[in-house]
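Plain running text is enough.

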Amino acid sequence: MNDTDVKSGGGARHGDGERVTTPAAGVLGSTAPDEGGSRASTARERRRAAKGLREGGNRVGGAGKLLLVVLVAGQFMAVLDSSIVNVAAPVMRSDLHASGAGLQWVIAGYTIVYAMLLITGSRLGAIFGYGRAYLAGLGLFTVASLACGLAGSTGELVAFRCLQGAGAALLVPQVLTLIQRRFEGPRRTAAMGLYQTAIAGGAVVGQIVGGVLVDADLWGTSWRPVFLVNVPLGVLLLAVGWRALGGDRPGPDERPGWGRLDVPGVLVLAPAMLALVVPLVMGHEQGWPVWGWLVLAAGLVGMGAFALVERRVSARGGSPLVPGAVLRSPGLLSSGIMLLVGVASYNGFLFTLALHLQSGLGDSPLRAGLTYVPCALGFAVSGLWWGRLPERIRAHLGYLGFALVSVSYVGMAASVHGGRDGGVALAVGLAGMGLGQGAVLGPLMSSALGRVRPEYAGDASGVLVTLMQFGGVVGVATFGTMFLSMTGAGAHASAHAAVLTFVVLAVVNLGVALWVGLGMVRRRAGRLA
């Protein structure tokens, strides 16, 4: 196996589509039992690997592009729905006579439930089959979208938005897991590029599509098409996805059923995540009240309690929601933290610039959405092409990407200074920011998951997606609050707040670039010593 194979994660494949990789492939292929493991399960893994090698199964070739389209389109829908509603919010408030708090819950209910249930959704995939869980989540998301589009009151819309979030929480973790399990080598690199493009592009396209649909007022339906647009796409994906994923089942050595669900872990983790996310989502709208800080503190305590519960479940030989072996996987947490920071700065920037364009400069939702097109293009270019770069260049993408993002924020701060609309300079900065973010997210995700044992792919994906989703919430809360606390009436006041916020974003990304760069220097010094 050459060096390219090592970095891209080649390996043998089970007949049922699972991947068995060797240590040289970058995944911990050691057969030593982990905590709660046994020599019997190790022997089973060897037999399953040997069977896969004998059969020479090629699920990647068979599933190929069709499977990838289904997975990425589902991910895109889930991300799209977190931003498309923002554009339609004023019209919804008028049509439904919603209060400010009610409108907040229409927007935030989806994000809160989504973040709260992601890890549980990942575990359900491991129990019942990742493909089945994906299809179930997609079905729930599609039905909830139809219900949202037909809702007759604010209360109904909030309830159905929460149901949408639950569907997304079941759907999204399976996407990354299935990419890890069904694709390998260059195909996986390409699939990861499409995956990260869907994540970044969905947020931008959501604002553009939302603006187009609301302005069009199709057949007098006002805001409703922003939800109903998911229905035909969801039905199509279900029909096609059933063909590609309908036969997916748990592995032959895995015991399916609700008995494998870590109920104590769910009962502790769900409210702990709820306590962490609600204050961050609602706090900046309500002026950061005392109750928000108290609930946030309770959430941190809850996460500590969750760690203790998981330890006890593992000690009893159960199946914890997050096995300790997953968290100890080399590079998972460090890459996950960098992803959290990257997504936080990206989402915080999108939110801040949208406020400046619409509230400060008076742009329409559609024009504001179109402003982000260079960012989406930059993200797509680097997201789809980073894997084709020579390995000697790919090794430096981490710190170079964060550095480019930092420089782009400085350039955009200069472009809007004094209340200007930014013009070409803003477009160039947006393209640079997209290029930098795309060059960072894909390699970081590959690094985070590259050395996770195959049987823990689902759990690791759940942890990683949760960190990224939490990063998005933290970014909007932190940088959105920073902008709102400094802004005032008029373009000049808004521009002043935007400039300061962009500069802080630049400093954060420069700090991460230095962290990554110094880490590379230390590792090289260690190898030479």
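Arginine 161 has a relative accessible area of 0% and is therefore buried, a word used here for under 20% relative accessible area, with exposed meaning over 50% and partly exposed in between, for a 1.4 Å probe and protein chains only. The model is a predicted one, in which local features need pLDDT of at least 70 and side-chain atom pairs count only at pLDDT 80 or more, while totals for chains, interfaces and linings use all residues. Residues are numbered from 1 along each chain as its sequence is written, and side-chain values use heavy atoms, leaving out hydrogens and water.

The partner of arginine 161 is aspartate 81, and the two form a salt bridge whose closest N and O atoms are 3.1 Å apart. A salt bridge is a side-chain nitrogen of Lys or Arg within 4 Å of a carboxyl oxygen of Asp or Glu. This pair links distant parts of the chain, with aspartate 81 in helix α3 and arginine 161 in helix α6 (residues 154–182), 80 residues apart. Aspartate 81 is also buried, because its relative accessible area is 0%. By this rule the count of salt bridges is two. The other one joins aspartate 363 to arginine 367, with the closest N and O atoms 4.0 Å apart. Aspartate 363 has a relative accessible area of 14%, so it is buried.

What is the overall make-up of the protein in helices and strands? It has 20 helices and two strands; these are DSSP runs numbered from the N terminus, helices being H or I with at least four residues and strands E with at least two. Of the 529 residues in the protein, 54% are buried. A contact means heavy atoms within 4.5 Å. Among contacts between residues at least 6 apart in sequence, 82% join residues at least 24 apart. The protein exposes about 21,500 Å², and carbon and sulfur atoms supply 67% of that area; accessible areas come from the Shrake-Rupley method with a 1.4 Å probe, and for residues only the protein chains shown count as cover.

Helix α3 (residues 59–96) also holds aspartate 95. Aspartate 95 counts as partly exposed because its relative accessibility is 38%. Apart from neighbours within four places in sequence, aspartate 95 is in contact with Trp223 and Arg224. Its side chain makes a polar contact of 2.8 Å with the side chain of tryptophan 223. A polar contact is a pair of N or O atoms within 3.5 Å; within protein, one must be able to donate a hydrogen and the other to accept it, and residues adjacent in sequence count only if both atoms are side-chain atoms. The C-alpha atoms of aspartate 95 and serine 222 are separated by 8.3 Å, although these residues are 127 residues apart along the chain.

Helix α10 covers residues 263–282, and its end C-alpha atoms are 28 Å apart, in agreement with the 28 Å that its 20 residues should span at 1.5 Å a residue. The expected span is 1.5 Å times one less than the number of residues. Since 14 of the 20 residues of α10 are buried, this helix is largely enclosed by the rest of the structure.

Helix α15 has 13 residues and reaches 18 Å from its first C-alpha to its last, close to the 18 Å expected. Its buried residues include Cys375, Gly378 and Phe379, and what covers the buried residues of α15 includes α7 (185–216), α13 (332–360) and α18 (423–450).

Helix α15 (residues 373–385) also supplies the largest share of a nonpolar patch, three residues. The patch, of about 490 Å², is made by Leu194, Val381, Leu384, Trp385, Leu404 and Leu435. Patches are made of residues with over 30% relative accessible area and no salt bridge, like charges being joined within 9 Å and nonpolar side chains (Val, Leu, Ile, Met, Phe, Trp, Tyr) within 5 Å. Tryptophan 385 counts as partly exposed because its relative accessibility is 48%.

Serine 408 lies in helix α17 (residues 397–416) and counts as buried, at 7% relative accessibility. Its side chain reaches the backbone nitrogen of methionine 433 at 3.2 Å. Not counting residues up to four places away in sequence, serine 408 touches Gly429, Gly432 and Met433.
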